[in-house]
Amino acid sequence: MIEVINPGPLSTVQDLGRFGHRQQGIPQSGVLDPLALIIGNRLLGNEDDAAAIEITAGNAVFRFMEDCSFVLMGSSLNATLNDMPIHSGWCMQAKQGNVLRLKGSQHALRSYLCFAGGIDVPLVLNSRSTDIQGQFGGLSGKPLQSGTVISLFKPHQTQVSAQGALQPPYFNHIRVLPGPHLACFDEHWKLRFTEKPWSVQLSSNRMGTRLIRDDVEFFNHNIRIPSQAVHPGVIQLPPSGEAMVLLADCQTTGGYPIIGQVIEADLRHFTQLGASEPVYFEFVDINTATKAHETTLFHLNRINIAIENNKKK
């Protein structure tokens, strides 16, 4: 079991998400960086979708109430285990009473604390993810609180190997597929959208990241569209001209023009950007998006091979 001493600004239990229910108005939820969770779980011998703790911005403290193998993925958020620095991507062994602190980082916003066996919370609609707006999943649908005690499933492996894996570095150059309403704007508008960086606003959350620029008035518009289905990665443009990228907890429908879709391979990079950080967009075609996805799968396959080879030693 793990005791939450301080959850920081936002820590929640998340797995890969809740799929197949958007027609009922139920968001996807789940980690904002799926690749980080998958690599962490594979290093520990877990199933890919075993639940972990998503920690946003650090300032979080946890105490191990039993001996436990764990991995930090995403940003390490300058973590220490009993005041000794630890890095993301490496299997660690904690002893009962050890204290894990995550301070924060200027380089990435979120960390994923994966445990051997995964977090033991009930499945709700086939997922253990926390839906904060709907107040279900995870631990009663709520963010972690100080004093919360988290139970873990029994690990699949009696002993986790001392091993690690590099995760692809994060960047702020984000590739985007053209959206269905991009044609409502002329070529000059499209060039202006990508020629300068946008800045992440402090009001961003797991539902969406709000973006602004010093010339945001140029992007004001009065285009109206019927409300339609939306999903994570969609870039909406409200009349104010402040672009918004929807994330895992987003609503299922929206009525703002959709000017783009962040490609799947780059959405994890985007979700690691903190307040005031710049983000550069580039419109690409479907072939580029497909190749980027294949590159991600290739990286995972290389990790699988390394893990299997390590078992044979």
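A residue is called buried when its relative accessible area is under 20%, exposed when it is over 50%, and partly exposed in between, using a 1.4 Å probe and protein chains only. By that rule, phenylalanine 193 and phenylalanine 281 are both buried.

Before going further, a word on the model. It is predicted, so local features need a pLDDT of at least 70 and side-chain atom pairs count only at pLDDT 80 or more, while totals for chains, interfaces and linings use all residues. Residues are numbered from 1 along each chain as its sequence is written, and side-chain values use heavy atoms, with hydrogens and water left out.

**Aromatic rings**

Rings of Phe, Tyr and Trp (its six-membered ring) pair if their centres lie within 6.5 Å; planes under 30 degrees apart count as stacked, over 60 as edge-to-face and the rest as tilted. The whole structure holds 12 aromatic pairs. Here are two of them:

| Pair | Centre to centre | Angle between planes | Class |
|---|---|---|---|
| Tryptophan 189 and phenylalanine 193 | 5.6 Å | 15° | stacked |
| Phenylalanine 193 and phenylalanine 281 | 5.6 Å | 20° | stacked |

Helices (H or I, at least four residues) and strands (E, at least two) are DSSP runs, numbered from the N terminus. Tryptophan 189 and phenylalanine 193 share helix 2, where they sit 4 residues apart, about one turn of the helix. Tryptophan 189 is buried at 6% relative accessible area, and phenylalanine 193 is buried at 1%. Because phenylalanine 193 lies in helix 2 and phenylalanine 281 in strand 20, their pair ties together parts that are 88 residues apart in sequence. One aromatic cluster includes Trp189, Phe193 and Phe281, along with Phe185 and Trp198 among others.

**Sheets**

Two strands pair if DSSP finds at least two bridges between them. Seven strands make a closed barrel in the order 12-19-16-17-14-13-20, with mixed pairing. Within it, strand 16 (residues 234-236) and strand 19 (residues 258-262) run antiparallel and are joined by 3 bridges; glutamine 236 has isoleucine 258 as its bridge partner.

There is also an open antiparallel sheet of 6 strands, ordered 7-6-9-4-1-11. Strand 7 (84-85) and strand 11 (149-150) are at its edges with a single partner strand each, so one side of each lacks a neighbour in the sheet. Strand 1 (residues 2-6) and strand 4 (residues 60-64) pair over 4 bridges, and valine 4 is partnered there by phenylalanine 62.
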